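Subject: Structure handover, aromatic pairs and salt bridges

Hello,

Here is the structure for you to look through. My notes on the side-chain contacts follow below it.

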Amino acid sequence: MKGLKICLFLLSVVSGLTAKGGFIKGEVRDGATQQPLVGVNVIVEGTALGTATDKDGLFFIPDVEPGFYHIRFEMIGYQPLVKMNVRVSANRGVFITAELLEQPIEFESVTVTRAYYQKEKDAFVSSRTVDFEEIRRDPAGAIDIQRMMQALPSVVSAADQENEIVVRGGAPGENLFLMDNIEISNPNQFGRQGTGGGPINMVNTLFVDRVDFIAGAFPAKYGDKASSVMDIRLREGNRDFHSLDLDMGMAGVGFFAEGPIIAGRGAYMVSYRKSYLDLIIKQTGLTAVPKYWNAQAKVTFDINPADKLVFNFIHGSDAIDIFGENVAQSRGAENVYSRGNQSAAGLTYKHLWKGKGLSRFTVAWTDAWFNYDVFRYNGKGVKNTYYFQDDTEWDIQVKGDFVWRASPRVELSGGMDFKQLGMDYNAWFRPDTVWLYEYNFPQLPDTTFALIDRATWETYVFPIIESADPDSTYLDEQDVWHYGRRNNNGGWDYVRVRRSAPLSTGYSPWSVDRKEAHPRYGGFLQAKWRPFLRFTVNLGLRVGYYEFTKFGWLSPRLGFSYRLSDRSTVNLAFGRHFQTPALVLLGLNRENANLRSKYTNQAVIGFEHFFTEDTRGTLEFYWKSYHDIPISLAATTIDTADRSRVYVNKGEGRSYGVELFLQKKLAKDFFGTFSYSLYRAEARDPRYPNEEKYYSWDFDFKNVLTAVGGYKIPLKGAGVRPLRERNLLVRLIGNTIGRGAQELEFSFRYRYVGGKPYTPKVYNHLVRRWYKSAGAEYNTERFPPYHRFDIMILWHVNIGSRMSLVSYFDLQNIFDRDNIWDLQYNADGTTEYIYQYKIFPVGGFILEF
């Protein structure tokens, strides 16, 4: 520690030799056509600084003191925009890209109330846009894009341990991920096939410019997902000088570098992160040690003012070994070796038309590898693998799109896409024999094993198994289980269990070794029209065809927006959204090639109101119906012991509800959000096709409430009063945890989620297996409601005049509440709760050179 302090002191002395202020520069473009805007007023709020954009839409503001600023952009004929909390460091510039949306001149005097909020230009309902600073200051988000979105009323997660986005009662894997126009099926470490979640998102937030999230009824330019869209737009690297950041957080420890190339005609960004939790967890004696690393890069190059090339790359690799631990990642197995990686790369060419529009052309490639070895040890310690999987999924993407402003009232857009989807599967499953089991217990002679009835098992056997001493529970070399419990006389009572005779095959042997590659074609047309001053219509149609399943679709979209006043708008949107079956389903059995794409019909009506320039609220009502959901053929029978890898389009469902969302931006010292969702999500029981019989779906939580709040305390910098002139509380904070910091932020998040539904199982002691009762109703029970309270402290510190440090400490589930994730059914008849995160500290920093 002493050596670290000396190094920091020397660095601060050296950096102080060339001290000077920072600067703000950037570009301003039309949000639809991406044309550079000339003469835009650029104002640094709260200062006398400002400028106007030049003929290329560029601006430059020098000599800006370190600190946080709101940058306002204003131009006649466009909605004003404020880029909030732009951070300027000493001797370091910041580059801003601002996109302004057109508006009728008649609205010039009324849209100032909307300047603090960016919005996806074609999404009329259920959308939210966030930038990097908002992601960084989100408590409990751990600087993870997906975890931050879980604060929205429409979003829930499968568990604390994963960042999966489940929207409006749907299912995992229904969110479309785009990163700079590249589709990525799952951008997470330890991602699972057919889903979109994992413990850690690979996208480095230092690359992020903005994220547009649309929770439903999204426009026609987005396709092939049933529920929602997350459009991640990355910024460009610094074109003036090279810089290096070191960072550490939940995603790992690593570096981020950026700088100019080819005399400033382009820029690069590159990062590398590696896990360090394995170094810590090893010391605890746990065996489930996650190891992972990821790398990301972006390069931009201006061919000329109208033509640009953008290259993106991201890769992640991960591994974990699980040995008989009470964790849900084991998928119910005793031991798992898991390996995997995910990659994506793409090149985009963008061309600006002369004043009227733009076109883009993207070529990309993605792949994902999933490797699992699931095994048990017998009584002699011999490893027996009973499931093995070595799967690769890949795709090649070619897409082109355009935007054309035909007139001040009409904007047309369209595009076509081609995607070659491929699989290379090698997996097998050994036959699973169902055995009869005999029991020996204290009421029988030592050498006698017998088949017993349920009452005998419950009375004499299970009480010993349930309370057995873990040190006296073992499997011997003859594959006999021993369960020992100390009795009232100081001795031991034992239950012994052994196989008697094979009864049947529980799971038939299965294997797959196949390679497939088939094209998927798609396209869309969209027209946005403003027939009247306050009224806008967005009409779109998306089409597609998948060669593998020989299925085509038409997907109409329609949106309306009517401005009631300068502060209030009512919005409506309707759409049909198709989703291609996951490759993992198509690969299970060749009959699954007959599957159709499932689809949702969605309708949303919403009311938006701006209370002040930095505070808004939305109230939305929605209806979403599901059709043609692929389900296992076995799910259509009442026999719960049935198994089938053949899937059929027999699933149906629906969700409906109301959502309230209130948000206050960090315009001065306080920010916060409040969201509440009251909804139902129900699935139709496929066992009774002639009846309208519905049950609570897996993510039917009914009530979801989230409250987020934060307070910023500036301690040093331009326009900040000296600490000695502040109140007693601020002086106390500034002289203790805030000592040396320019700013402190305190924030919290509270989350309430209604109880998760589940279907209880019953135990058959004769075969030592759990089953759902034949014909029993689904999801009749619920786990207790989920409560979690998190707090975070964020520090901003300047070290000398050329370095700065941003650090945070996030304490999740501060009251250490036992939130249940799932129920584990053990082979001996006992059950155990699997809990979500207990009290969980997360910290990190970014050191900027």
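Phe-578 is buried, at a relative accessible area of 8% (buried is under 20%, exposed over 50%, partly exposed in between, with a 1.4 Å probe and protein chains only). This is a predicted model, in which local features need pLDDT of at least 70 and side-chain atom pairs count only at pLDDT 80 or more, while totals for chains, interfaces and linings use all residues. Residues are numbered from 1 along each chain as its sequence is written, and side-chain values use heavy atoms, with hydrogens and water left out.

Aromatic pairs

The search of the whole structure gives 37 aromatic pairs. The rule takes rings of Phe, Tyr and Trp (the six-membered ring of Trp) with centres within 6.5 Å; planes under 30 degrees apart are stacked, over 60 edge-to-face, and the rest tilted. Phe-578 and Tyr-599 are tilted, because their planes stand at 35°, with the ring centres 5.0 Å apart. Phe-578 belongs to strand E33 (residues 568-579) and Tyr-599 to strand E34 (residues 598-612), so this pair ties together parts that are 21 residues apart in sequence. Strands here are DSSP runs (E, at least two residues), numbered from the N terminus. Tyr-599 is buried as well, with a relative accessible area of 16%.

Tyr-695 and Tyr-778 make an edge-to-face pair, 5.1 Å centre to centre with 75° between the planes. Tyr-695 is in strand E38 (residues 694-696), whereas Tyr-778 is in the loop between strand E43 (769-771) and strand E44 (781-782), so the pair ties together parts that are 83 residues apart in sequence. Tyr-695 is buried at 17% relative accessibility, and Tyr-778 is buried with a relative accessible area of 17%.

Tyr-778 also has a charge over its ring: the charged end of Arg-687 is 3.9 Å from the ring centre. The criterion is NZ of Lys or CZ of Arg within 6 Å of the ring centre and within 35 degrees of the ring normal. Arg-768 lies over the face of Tyr-437 at 5.3 Å from the ring centre. One aromatic cluster is made up of Trp-457, Phe-462, Tyr-763, Trp-770 and Tyr-825.

Salt bridges

Side chains of opposite charge can pair when their charged atoms come close. The count is 59 salt bridges, each being a side-chain nitrogen of Lys or Arg within 4 Å of a carboxyl oxygen of Asp or Glu.

Asp-240 and Lys-25 form one of them, with the closest N and O atoms 3.1 Å apart. Asp-240 sits in the loop between strand E16 (228-234) and strand E17 (243-249) and Lys-25 in strand E1 (residues 22-30), so the bridge ties together parts that are 215 residues apart in sequence. Asp-240 is partly exposed, at 39% relative accessible area.

In the bridge between Arg-520 and Asp-224, the closest N and O atoms are 2.4 Å apart. Arg-520 is in strand E30 (residues 510-532) and Asp-224 in the loop between strand E15 (208-214) and E16, so the parts tied together are 296 residues apart in sequence. Arg-520 is buried, with a relative accessible area of 5%, and Asp-224 is buried at 16% relative accessibility.

Lys-550 and Glu-547 meet in a salt bridge at 3.2 Å, N to O. Lys-550 is exposed at 55% relative accessibility, whereas Glu-547 is partly exposed at 26%.

A network of salt bridges links Glu-120, Lys-121, Asp-122, Lys-221, Glu-411 and Lys-528.

Regards

Technical notes. Helices (H or I, at least four residues) and strands (E, at least two) are DSSP runs, numbered from the N terminus.
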